[in-house]
Number of protein chains: 2
Amino acid sequence: MSYRDFKKQVDLSKAALCREALARHPDTIRVKKEATVVRNLEKIFAAALRIANRRGFSAMTMRDLSAETGLSMGALYAYFSSKEDLLAMLQDQRRQVTRRILEERLAAAEGPLERLRTAVRAHLYLSEAMQPWFFFAYMEARHLPPAEREKTLAGELETETLFADLLAAAIDAGTLAPRDPRLFAALIKAMLQDWYLKRWKYARRRVTVDRYAEELLAVIENYGRALGSADTGKTVDRA
Amino acid sequence: MSYRDFKKQVDLSKAALCREALARHPDTIRVKKEATVVRNLEKIFAAALRIANRRGFSAMTMRDLSAETGLSMGALYAYFSSKEDLLAMLQDQRRQVTRRILEERLAAAEGPLERLRTAVRAHLYLSEAMQPWFFFAYMEARHLPPAEREKTLAGELETETLFADLLAAAIDAGTLAPRDPRLFAALIKAMLQDWYLKRWKYARRRVTVDRYAEELLAVIENYGRALGSADTGKTVDRA
DNA sequence: GTCTATACACAGATAGAC
DNA sequence: GTCTATCTGTGTATAGAC
């Protein structure tokens with residue numbers, strides 16, 4: 001699937017979730033007309049991410065948000081009960097979309113190496129389609145209340161474990177050389193995250209998401225190639 | 001050089017720079033006795049990093065800092081003229097130590113591949129010895145005033161360019177296969193940064209800085225090995 | 001040099017009109 | 001549903017005593 005098609009799928013999911021947000025947070029959203037909720041929630045989310053990703057969530061004031069959305073402060077508080085509440089909604093929204101999309105994508109792939117490739121591509125595409133959301137989640141993770149924080153952290157580890165398991169499976173199948181899957185999975189995660197954390201940099205250099213995916217997969221597959229000293233834990237001296 | 005020796009060198013440099021801070025910021029530091037300045041600046045820097053790295057710099061209040069250092073708010077303002085000023089000092093301090101140490105370390109190494117290995121190790125050791133400083137710089141970069149922000153960004157790109165140049169030199173010398181050095185340098189940077197951004201994770205798994213360095217160097221050197229399709233920009237299908 | 005006490009601005013949040 | 005006006009707490013920064 002091309003990135004273009006992928007993006008469409010994500011946008012649909014996002015709109016659907018904005019609609020469901022009313023159902024998921026009936027206690028905090030005081031507005032009852034669905035169309036209005038969806039329209040304004042999308043405006044609020046977009047504005048909040050724009051401001052918070054530039055100056056940080058804690059530096060963003062409700063007056064900033066009011067100016068950026070065109071809604072008054074009074075109106076804003078009809079969509080969340082506190083600033084902290086808004087933050088929780090943003091995290092929740094991202095989590096839901098992520099889970100939904102990744103499950104769909106991974107169901108299709110077969111065989112460890114193919115599943116590994118699919119997982120890498122899906123994560124990269126997803127972080128491209130929802131860059132502001134991922135950037136926000138990464139940067140604001142430590143400001144979350146403990147409960148929310150735990151959920152975010154768990155998601156992070158879950159992804160890493162998925163990669164580690166796929167690497168281990170590929171090693172068992174003999175398609176990759178024996179290495180420490182856990183540590184390498186952490187490195188893969190780091191490279192995946194760099195894509196959405198430094199997006200401005202890659203955009204300026206005209207690196208596309210597909211090009212980045214190719215490079216990342218090349219790193220992974222070359223690293224996994226059988227080497228004389230692969231199991232000693234030491235690096236080879238010269239090529 | 002082992003990490004242990006390296007750490008000693010860094011600590012010396014840090015102390016020296018705390019002493020020099022008085023000379024570098026004579027307008028903002030109102031206290032004149034050098035010993036007092038060094039003692040209290042170290043306390044202030046450590047406390048500020050501790051609080052800011054947990055809750056964010058903008059969420060840290062002067063009252064927090066006062067409680068953590070044991071100094072009154074009035075006393076704090078004898079060491080900087082504003083909160084923003086403190087932030088600039090923190091960034092400045094890190095930049096100075098980094099520049100000083102890296103120049104020393106790199107001067108010793110010869111040959112592109114050896115210089116590459118040295119650079120990777122030095123960056124990793126440095127970020128280990130000054131983890132709170134690097135974490136802070138990364139997370140707070142976007143809250144800096146434009147001028148400071150530019151300096152931080154430039155430093156980031158400078159490092160990346162160093163890696164790209166060393167990769168390119170190694171390719172020219174035939175010790176690494178031809179690849180896109182710029183893009184690969186960005187990936188290396190991402191992996192280096194993960195070490196200080198997720199230190200708690202690696203600590204919990206008992207991954208030492210030396211182990212991480214080995215793994216990272218292995219990724220680099222395996223990726224650079226000659227491959228049939230290395231120059232096509234496409235990945236190979238199977239190992 | 002360091003303290004206590006305080007000025008002053010601005011934050012988040014709400015009340016009540018429309 | 002949305003607005004304007006306002007309450008109240010908390011933030012940065014300073015003045016002046018010791």
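Reply: The largest share of the surface near DNA strand D comes from α4(A), which supplies three residues. The model is a predicted one, and the description below should be read accordingly.

Both chain A and chain B take part in this surface. From chain A, α2 (34-55) and α4 (73-76) each supply at least two residues, and from chain B, α3 (62-69) and α4 (73-76) each do likewise. There are 20 residues around DNA strand D, and those that come nearest are A:S72, A:G74, A:A75, B:T61 and B:S82.

One is helix α6 of chain A, residues 112-129. Its end C-alpha atoms are 25 Å apart, which agrees with the 26 Å that its 18 residues should span at 1.5 Å a residue. This helix, α6(A), is mostly covered, for 13 of its 18 residues are buried.

A:R206 is placed in the loop between α10 (199-204) and α11 (209-223) of chain A, and B:R206 in the loop between α10 (199-204) and α11 (209-223) of chain B. Most residues other than glycine have a negative phi. The phi of A:R206, however, is positive, near 60°, and the phi of B:R206 is likewise a positive value near 60°. A:R206 counts as exposed because 7 other C-beta atoms lie within 10 Å, and B:R206 is also exposed, with 7 other C-beta atoms within 10 Å.

Terms used:
Residues are numbered from 1 along each chain as its sequence is written. Chains are lettered from A and ligands numbered from 1 in the order in which they are written. This is a predicted model: local features need pLDDT of at least 70, side-chain atom pairs count only at pLDDT 80 or more; totals for chains, interfaces and linings use all residues. A residue is near a molecule or strand if its C-beta atom, placed from the backbone, lies within 6 Å of it. Helices (H or I, at least four residues) and strands (E, at least two) are DSSP runs, numbered from the N terminus. The expected span of a helix is 1.5 Å times one less than its number of residues. A residue is buried if 20 or more other C-beta atoms lie within 10 Å of its own, exposed if 12 or fewer, and partly exposed in between; C-beta atoms are placed from the backbone.
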